[in-house]
Amino acid sequence: MARVLITDDAAFMRMQLKDIISKLGHEVVGEADNGATAVQLADELKPDLITMDITMPEMNGVDATRSIRGTNPDVKIIVCSAMGQQSMVVDAIQAGANDFVVKPFNAERIKESIDRVLS
Amino acid sequence: MTSTEERSKAITSLLNGTIMSVKNTIPVQHTIGKPQLSGESLKLQFGVLIGITGDIKGKLVLSGESNVFSSIGEAMFGMPIQDEMLVSLSGELGNIIAGGLSTNIVQSGLKTDITAPTIIEGNMTISGYERVIQLPVLFNAIGELDLFLIID
């Protein structure tokens, strides 16, 4: 079981992810609605895994991933974004993301990604 | 974009990218109507607006009855969605369609980014753009969603 921080500016998407992740047996320890809050909560809560949206107000998910990775080399970060173009995937991976899931996703896709990054 | 020809190619790519995005992301049988140039201003009651930046600048607006957004959300995510969550879902639906659009048009050589969604509720008029293309999409047993591609 992993301790998970969910990051997405849409409350609806956080609700979806929380539901899927909880049903997979993981614990959702926090929710952030922008990249800056994610950076702060990642430091405070020390989650094992972070889901990260890209297009968000305040700080985008790529910058937040880079910032979190700078201080925490071990946390697993899964970027979940509607922006699936190769350049965006490359940016996210270079910033330190472990995996990339394109929205819309389903529970199975989230499970695969979590299993992969935690293995 | 410099020449008129390049610009109309870009608009065609935007339109095709939007249609492909709707087809790929919304699991409801639908019919896409004929794209038409719309008037000088848009009047909306409920919808979502996403900015497009980069090689082509504009906005994508999704407009429809709130129950249409709710039913599409239910088809996509398997649960009925109302009230505050409906506003959030509508924003996310816009984000997913615009994100798909941005992804699709890379193959036409257009690099774009999108902004976080803005929700429109109540009577609103949008004006001050170069042109707007209206794309009506009729979802079976749900209703119509109008997509507006605004070119700045």
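Modeller: The largest pocket has a volume of about 160 Å³, where volume is the space filled by probe spheres set on grid points that are joined across faces, edges and corners. The model is predicted: local features need pLDDT of at least 70 and side-chain atom pairs pLDDT 80 or more, whereas totals for chains, interfaces and linings use all residues. Residues are numbered from 1 along each chain as its sequence is written, chains are lettered from A and ligands numbered from 1 in the order in which they are written, and side-chain values use heavy atoms, without hydrogens and water.

Biologist: What makes a space a pocket rather than a cavity?

Modeller: On a 1 Å grid over the protein atoms alone, a pocket is an open set of points with protein on both sides within 12 Å along at least five of seven lines, whereas in a cavity a 1.4 Å probe fits but cannot get out; lining residues have an atom within 4 Å of a point. The lining of the largest pocket includes A:Asp9, A:Asp33 and A:Pro57 from chain A, and B:Val87, B:Glu92 and B:Ile119 from chain B. Helix α3(B) gives the most to this lining, with four residues; helices (H or I, at least four residues) and strands (E, at least two) are DSSP runs numbered from the N terminus.

Biologist: How many cavities of 30 Å³ or more does the structure hold, and which residues line the largest cavity?

Modeller: There is one such cavity, with a volume of about 30 Å³. Its lining consists of A:Leu17, A:Ile21, A:Thr51, A:Ile78, A:Cys80, A:Ile110 and A:Ile114. The elements giving two or more residues are α1 (11-23), β4 (76-81) and α5 (107-118) of chain A. By class, the lining has six nonpolar, one polar and no charged residues; Ala, Val, Leu, Ile, Met, Phe, Trp, Tyr, Cys and Pro count as nonpolar, Asp, Glu, Lys and Arg as charged, and the others, Gly among them, as polar.

Biologist: Why are α1(A) and α3(B) called roughly perpendicular?

Modeller: They pack at an angle of about 95°, with their axes 7 Å apart. Axes are lines fitted to C-alpha atoms, for helices over the stretch in contact, and angles run from 0 to 180 degrees between N-to-C directions. Angles under 35 degrees count as roughly parallel, over 145 as roughly antiparallel, 65 to 115 as roughly perpendicular and the rest as oblique. The two helices are therefore roughly perpendicular. In their contact (heavy atoms within 4.5 Å), A:Ala11, A:Phe12, A:Met13 and A:Met15 meet B:Met85, B:Ser88, B:Leu89 and B:Glu92.

Biologist: How is the orientation of α3(A) relative to α4(A) decided?

Modeller: Helix α3 (residues 61-71) and helix α4 (residues 86-95) of chain A pack at about 20°, with their axes 8 Å apart. That angle makes them roughly parallel.

Biologist: What term describes α1(B) and α3(B)?

Modeller: Helix α1 (residues 4-25) and helix α3 (residues 83-104) of chain B pack at about 125°, with their axes 8 Å apart. They are therefore oblique to each other. This crossing is right-handed.

Biologist: What joins A:Lys103 and A:Pro104?

Modeller: A cis peptide bond joins them, with omega about 0°. A:Pro104 lies in the loop between β5 (99-102) and α5 of chain A.

Notes:
Left-handed = near helix turned anticlockwise from the far one by under 90°.
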